[in-house]
Amino acid sequence: IQYPADDKEAAWKTTHFDFHAIHDNVLKLDLLGHVDPMALKALSDITGIDVKTIPINDPETLLLFSSREPLKCHSNYLNESTGALGIPEFGTNLGREMLKETNPKLFSDLLILSGLSHGTDVWLGNAKDLVLGNNPNHEIIPFSQVIGCRDDIMVYLLSMNLNPADAFRIMEIVRKGKKPLSADDIALLKEYNVPDWYIESCKKIKYMFPKAHATAYVIMALRIGWFKVHRPIYYYAAYFSHRASAFDVEVLAAGRNAIRNKIAEINEKIAAKTASNKEIDLVDELQIALEMYLRGYSIKQVDINVSQAHEFVLSQNKKFLYLPFSAVDALGDAAAQSIVDARNNAPFTSKKDVERRTKLTRTIFNRLKALGAMDDLTDDDVNSLL
């Protein structure tokens with residue numbers, strides 16, 4: 001039994017069992033997340049745009065993966081070389097580093113990157129060294145030629161005139177990584193003039209991603225990227241509503257300087273290895289928020305008359321987002337929804353009315369008051385009549 005990720009502040013603990021003691025009587029389910037499809041559905045709902053009509057070859061969206069130019073930011077405080085921050089699959093630290101090193105221009109380049117980022121022993125110590133020339137022969141291999149997905153192996157070997165059966169068999173050996181290529185297989189590859197660097201790359205691979213999976217991920221990333229370029233405020237609303245996991249409502253609403261300072265503070269803790277898991281999660285969301293500010297948009301504090309329970313709401317002028325009630329620490333789902341339900345039933349007439357008709361504890365009620373969420377309301381209905 002241990003704390004998840006060794007975080008002693010976690011509410012839950014992780015229990016480990018010996019696999020062989022339970023594999024005969026425990027059913028294992030792999031449940032895939034649907035955060036990105038949910039985000040696309042939300043984007044479709046709030047913009048009225050059918051995501052299936054979004055072109056996957058939009059020049060500005062493709063440029064997002066090699067340049068910040070499509071963002072039209074006022075500055076580059078985060079020192080990003082691309083606009084991929086917050087884009088699924090490519091927005092992680094590893095993903096953005098791979099983009100920087102490969103400078104992709106085409107849809108096919110993104111497919112290779114997706115395969116490389118999901119494989120085992122395919123990028124680090126393998127394709128990366130080929131692309132950058134960090135190999136014994138200092139040979140620089142064009143990025144378009146490295147092995148990205150399992151299908152690439154068979155297609156390439158067929159292009160080198162191997163018969164289909166051998167091409168498929170060798171692909172299966174390499175992509176599973178369970179046994180090395182035999183001496184006969186290597187001799188066969190050499191006979192058909194497969195270059196040594198390609199053979200050595202195959203030897204290192206332990207697992208390869210299927211191209212169909214990579215294609216689905218890339219199309220998803222490009223569709224979300226299209227919104228980031230062409231409908232930015234909607235993109236940020238969907239991102240914070242469906243992907244963000246940590247919030248600091250005071251910092252987010254305080255502006256770009258406050259966000260910069262908080263990022264610097266957390267980065268110092270990360271360097272000193274004293275940052276909590278929540279702070280590590282928060283720095284990712286702060287970076288997205290800062291990018292949003294640098295593009296001319298902003299975030300407003302929770303508002304008792306406007307904010308929703310869980311989703312960020314656009315202002316009428318489409319220039320800023322209202323924080324949701326659930327972003328406030330310790331304000332649970334039921335309490336957040338109770339505010340919206342009460343407001344839908346009848347507008348709030350005073351702060352006392354809010355306290356009376358919602359499930360807010362005294363502590364959370366006072367917290368909302370301190371944040372200015374109820375500044376437009378009088379203290380009590382009696383006072384409003386005087």
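**Exercise 1. Compare the span of helix H11 with its expected span, then find what covers its buried residues.**

*Step 1.* Helix H11 runs over residues 211–230, which makes 20 residues. Helices here are DSSP runs of H or I with at least four residues, strands are runs of E with at least two, and both are numbered from the N terminus.

*Step 2.* From its first C-alpha to its last, H11 reaches 28 Å, close to the 28 Å expected at 1.5 Å a residue. The expected span is 1.5 Å times one less than the number of residues.

*Step 3.* Among the buried residues of H11 are Ala-214, Val-218, Leu-222, Trp-226 and Phe-227. Buried means under 20% relative accessible area, exposed over 50%, and partly exposed in between (1.4 Å probe, protein chains only).

*Step 4.* The cover over these buried residues includes helices H2 (35–47), H3 (59–63), H5 (107–118), H12 (232–242) and H15 (277–294).

A word on the model: it is predicted, so local features need pLDDT of at least 70 and side-chain atom pairs pLDDT 80 or more, while totals for chains, interfaces and linings use all residues. Residues are numbered from 1 along each chain as its sequence is written, and side-chain values use heavy atoms, without hydrogens and water.

**Exercise 2. Describe the surroundings of Asp-303.**

*Step 1.* Start by locating Asp-303: the loop between strand E1 (298–300) and strand E2 (313–314).

*Step 2.* Next, look for a partner of opposite charge (Lys and Arg count as positive, Asp and Glu as negative; His and the chain ends are not counted). Asp-303 is buried yet has no salt bridge, and the nearest such side chain, Arg-343, is 6.3 Å away. A salt bridge needs a side-chain nitrogen of Lys or Arg within 4 Å of a carboxyl oxygen of Asp or Glu.

*Step 3.* The Asp-303 side chain does reach the backbone nitrogen of Asn-305, at 2.8 Å.

*Step 4.* Setting aside neighbours within four places in sequence, Asp-303 is in contact (heavy atoms within 4.5 Å) with Tyr-322, Phe-325, Arg-343, Ala-373 and Asp-376.

**Exercise 3. How many disulfides does the whole structure have?**

*Step 1.* Recall that a disulfide is a covalent bond between the sulfur atoms of two cysteines. The test used here is a pair of cysteine sulfur atoms within 2.5 Å.

*Step 2.* Searching the whole structure gives zero. Cys-149, for instance, is in no disulfide, and the nearest cysteine sulfur, that of Cys-202, is 14 Å away.

*Step 3.* Cys-149 counts as buried because its relative accessibility is 0%, whereas Cys-73, at 22%, counts as partly exposed.

Definitions and conventions. Polar contact = N/O pair within 3.5 Å; in protein donor to acceptor, adjacent residues only side chain to side chain.
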